[in-house]
Amino acid sequence: MQTRYPLCAAMVAALCLAGPAVAQVSADPVAKLKTSLTPFGAEKAGNKDGTIPAWTGGHTTPITGDVPGGRRGDPFKDEKPLFSISQKTVGQHADKLTDGAKAMLAKYPDSFRIDVYKTHRTAAAPQWVYDNTAKNATRARLNGDLVEGAYGGVPFPIPSSGAEVMWNHTLRWRGTAAQWQVTQYQLTSAGNAVLTTVGAADQQMPYYLPDGSPEEFAKRGEYWMVRLVNNGPPIRAGEAIVGREQIDGSKSQSWVYLTGQRRVRKLPNPCCDTPTPATAGVMTFDEIESFTGRLDRFDWKLLGKQEMYIPYNGNRLLQPQKDEAVLSAHHLNPDHVRWELHRVWVVEATLRAGARHQATRSRYYCDEDTWACVLADRWDANGQLWRTLWTQTFVAPDLPGTVTGAFGMNDLLGGSAYVANLYNAQPVHYAVKPPFPDRVFTPDAMAGEGVR
């Protein structure tokens with residue numbers, strides 16, 4: 001039987017009676033953020049079976065093997081799997097597996113498996129982020145599909161709707177600014193790995209500038225800025241993309257630089273099920289890191305909380321120095337993927353009346369400690385389980401935080417897959433940086449970087 005923690009009837013009733021802009025919680029429940037809940041709103045206590053430990057502050061001590069600004073080590077390198085789940089044993093663990101995970105075990109019974117390790121609750125953040133999260137608990141609200149009044153922390157640490165959980169994922173803590181180098185691959189249905197990107201990326205979260213405020217942030221509304229410049233493969237060397245995501249997704253902007261045209265072009269619709277150039281058009285904009293972008297295509301339902309096996313503390317994936325070591329024909333090599341038992345919020349998205357999207361239904365599994373939605377499944381217009389999405393996390397005590405890294409997709413019908421943001425063959429994994437000048441994330445700067 002699945003372990004669920006359904007919403008209380010009183011809370012649901014209160015939401016139904018509320019107006020379009022609803023404050024998150026009263027001051028009294030916020031006190032729980034200093035007692036029974038973590039500063040991010042997760043249950044501080046472990047589970048009754050002892051398989052999920054209590055949160056005691058997260059992992060904030062340096063990791064052996066970490067090189068500041070370079071490669072990262074594995075704090076749990078000496079641990080062995082507690083057990084493995086294969087197609088033969090899936091029935092024993094089905095209540096803790098997503099539909100997508102079970103489908104992968106069935107589709108690739110000879111190569112895909114889930115190695116389950118001891119659970120570590122490593123999530124952490126600076127105190128100022130915790131302080132802002134506590135403030136957000138009473139000042140943040142939803143106005144339709146948009147969040148208002150939040151800044152510098154998790155907007156809804158005690159969520160009462162699916163949309164609030166998805167905003168927690170979107171505005172999760174991942175540092176203020178970072179830089180990394182990656183490779184990306186399309187895995188064909190025939191099992192061939194096609195290199196699509198050798199790139200360098202800069203990322204900034206204006207939402208997490210330490211000296212900002214809700215009032216200042218509301219004037220611009222940009223919460224995430226990213227720039228990716230391709231150094232290879234040769235056919236794509238010099239291409240680049242810049243994105244500036246806004247709270248109001250209709251105002252988000254993206255530009256691409258194409259070397260063949262030697263000009264910058266603004267993308268007309270950097271949203272939703274539009275293929276994104278960052279993944280060579282294989283994945284859509286709203287599949288980046290399991291979900292990115294606008295909520296207004298779907299109705300969001302919070303199904304409750306559940307104990308699930310999810311990819312977690314994936315520093316193990318970062319250790320091999322060749323991409324070939326971590327890639328199998330159709331998915332990541334299970335030898336280097338760490339799964340743990342964690343509590344997740346489960347959110348279902350159903351295509352809104354009058355809206356258009358290739359996926360008519362999706363389900364997201366969002367870690368209670370980090371708020372990252374690390375797994376997701378999507379169904380097509382025929383009701384078939386179509387795509388399963390995954391996002392790896394790793395421990396970065398220099399932030400501190402447990403943040404997202406590699407992500408990807410498996411097409412369960414066509415058999416192809418995509419693997420994005422592999423750091424393995426690169427010297428820079430996820431370098432924490434001071435805030436970049438705003439001009440870094442402009443079309444002009446991108447054109448200058450992309451010219452070859």
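Me: How many helices and strands are there in the chain?

Reply: Helices (H or I, at least four residues) and strands (E, at least two) are DSSP runs, numbered from the N terminus. You are looking at a predicted model, with residues numbered from 1 along each chain as its sequence is written. Local features need pLDDT of at least 70, side-chain atom pairs count only at pLDDT 80 or more, totals for chains, interfaces and linings use all residues, and side-chain values use heavy atoms, leaving out hydrogens and water. The chain has nine helices and 19 strands.

Me: What is the radius of gyration of the chain?

Reply: This radius is taken over C-alpha atoms, and the globule rule is 2.2 Å times the number of residues to the power 0.38. For 452 residues the rule gives 22 Å, and the chain comes close to that, so it is as compact as a globular protein of that length. The radius of gyration of the chain is 21 Å.

Me: What percentage of the 452 residues count as buried?

Reply: Buried means under 20% relative accessible area, exposed over 50%, and partly exposed in between (1.4 Å probe, protein chains only). By that rule, the share of buried residues in the chain is 58%.

Me: Among contacts between residues at least 6 apart in sequence, what share joins residues at least 24 apart?

Reply: A contact here means heavy atoms within 4.5 Å. Of the contacts between residues at least 6 apart, the share joining residues at least 24 apart is 66%.

Me: Which residues in the largest nonpolar core touch the most other members?

Reply: A nonpolar core is a set of buried Ala, Val, Leu, Ile, Met, Phe, Trp, Tyr and Cys residues joined through side-chain atoms within 4.5 Å. The largest one has 64 residues, and helix α5 (residues 162-170) gives the most to this core, with four residues. The members touching the most others are M166, W300 and Y364.

Me: How many of the residues of α5 are buried?

Reply: The buried residues of α5 include G162, M166 and T170. The helix is largely enclosed by the rest of the structure, because the number of its residues that are buried is nine of nine.

Me: Is D145 buried or partly exposed?

Reply: D145 sits in the loop between β4 (141-143) and β5 (146-148). Not counting residues up to four places away in sequence, D145 touches W167, L295, D296 and R352. With a relative accessible area of 21%, D145 is partly exposed.

Me: What is the relative accessible area of Q203?

Reply: Q203 belongs to strand β7 (residues 193-204). Beyond its neighbours within four places in sequence, Q203 is in contact with several residues, among them W180, W224, Y430 and F436. Q203 counts as buried, and its relative accessible area is 3%.

Me: Which residue does a cis peptide bond join to G232?

Reply: Omega of this bond is about 0 degrees.

Me: What is phi of S290 near?

Reply: S290 is found in the loop between β11 and β12 and counts as buried at 1% relative accessibility. E289 lies in the loop between β11 (263-266) and β12 (298-311), and has a positive phi near 50 degrees. Phi of S290 is also positive, in a residue other than glycine, and is near 75 degrees.
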